[in-house]
Amino acid sequence: MSPLPHYIFGYGSLICPHSRALTAPTLAQRAVIPVRVQGLERIWSLPFRGLTFMGIRQRRQAECVGVLIPVNDEELAQFDLRELGYDRTPIPFEAVQELQEPSVLQRILSSSSSSSQHSDGNHQIQIWVYVQQTPQPVSKESPIAQSYVDIILRGCISISEDFAKDFLKTTRGWHLHDHDLHPDHHDHDDSNSNIEIRDTNHPTPKRLGDEHSVHWVDDRDNPLYVRADKEYSQANAHYLDQILREHRPEWIHRKRI
């Protein structure tokens, strides 16, 4: 892979090649680098035009899987226009761990040890992440759209099912009690977000106070997300829901049409 001036860390819909190509068609066949980034936490936190979109925040003990997308100056400007409501922020190289061998970044940046910038020939290489400006929790007015979840999972599965599992495991904010606007003030364990009770007539554990806290809509028949792929969502609904039931069983059964 020839080095380009910039790498964007895609942690949501940008993981999906279909979604990336809608913004910058030149990226349709460009290889990306699956990575894990330390110090970042993915969370549903950006209400926009009636939906809640994926965001990210800094957290000392967190980690987040995603992909590094090599782009040129013109493509970077296109993504700046796409990512309204986000600020483009640099990521230091030492926070990035590649998930596949051989190491692409290590080859390009072999002479760099701790700097977030590195001069490679005539190129100035920088890793960027888009961080939402004003994080807010999911709500009834701005729910999570299944068509948007499907696009992200499509990208994750194109890398591996383990990658998709890691995405679901490390993503926060699926419900109001899992948002925690000040995460660095204390460690927050998702499993203890509410007291769990068992209902013998219900196969999934219920949590006190959660009856109205899950705002996730099944819009596969009439997608709300502007970059949705209706045919993909409908054709793969069973498989996608199987993955969600396995790794997010406490919330998926509360989706509404």
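User: Is Glu63 buried, partly exposed or exposed?
Analyst: The model is predicted; local features need pLDDT of at least 70, side-chain atom pairs count only at pLDDT 80 or more, and totals for chains, interfaces and linings use all residues. Residues are numbered from 1 along each chain as its sequence is written, and side-chain values use heavy atoms, with hydrogens and water left out. Buried means under 20% relative accessible area, exposed over 50%, and partly exposed in between (1.4 Å probe, protein chains only). Glu63 has 31% relative accessibility, so the class is partly exposed.

User: Which residue forms a salt bridge with Glu63?
Analyst: A salt bridge puts a side-chain nitrogen of Lys or Arg within 4 Å of a carboxyl oxygen of Asp or Glu. Here the closest N and O atoms are 3.3 Å apart. The pair links strand E3 (residues 51-71) to strand E2 (residues 33-48), 27 residues apart; helices (H or I, at least four residues) and strands (E, at least two) are DSSP runs, numbered from the N terminus. The partner is Arg36.

User: How many residues apart in sequence are the parts that Arg36 and Asp166 tie together?
Analyst: Arg36 and Asp166 form a salt bridge, with the closest N and O atoms 2.8 Å apart. Arg36 lies in strand E2 and Asp166 in helix H5 (residues 161-169), so the pair joins parts separated in sequence by 130 residues.

User: Is Asp229, the salt-bridge partner of Arg154, buried or exposed?
Analyst: The closest N and O atoms of Arg154 and Asp229 are 2.7 Å apart. Arg154 is partly exposed at 23% relative accessibility. Asp229 has 17%, so Asp229 counts as buried.

User: Which ring has the charged end of Arg154 over it?
Analyst: A charge sits over a ring if NZ of Lys or CZ of Arg is within 6 Å of the ring centre and within 35 degrees of the ring normal. The charged end of Arg154 is 4.4 Å from the ring centre. The ring belongs to Tyr232.

User: What kind of aromatic pair do Phe53 and Tyr148 form?
Analyst: The structure holds eight aromatic pairs. Rings of Phe, Tyr and Trp (its six-membered ring) pair if their centres lie within 6.5 Å; planes under 30 degrees apart count as stacked, over 60 as edge-to-face and the rest as tilted. The centres of Phe53 and Tyr148 are 5.1 Å apart and the planes lie at 65 degrees, so the pair is edge-to-face.
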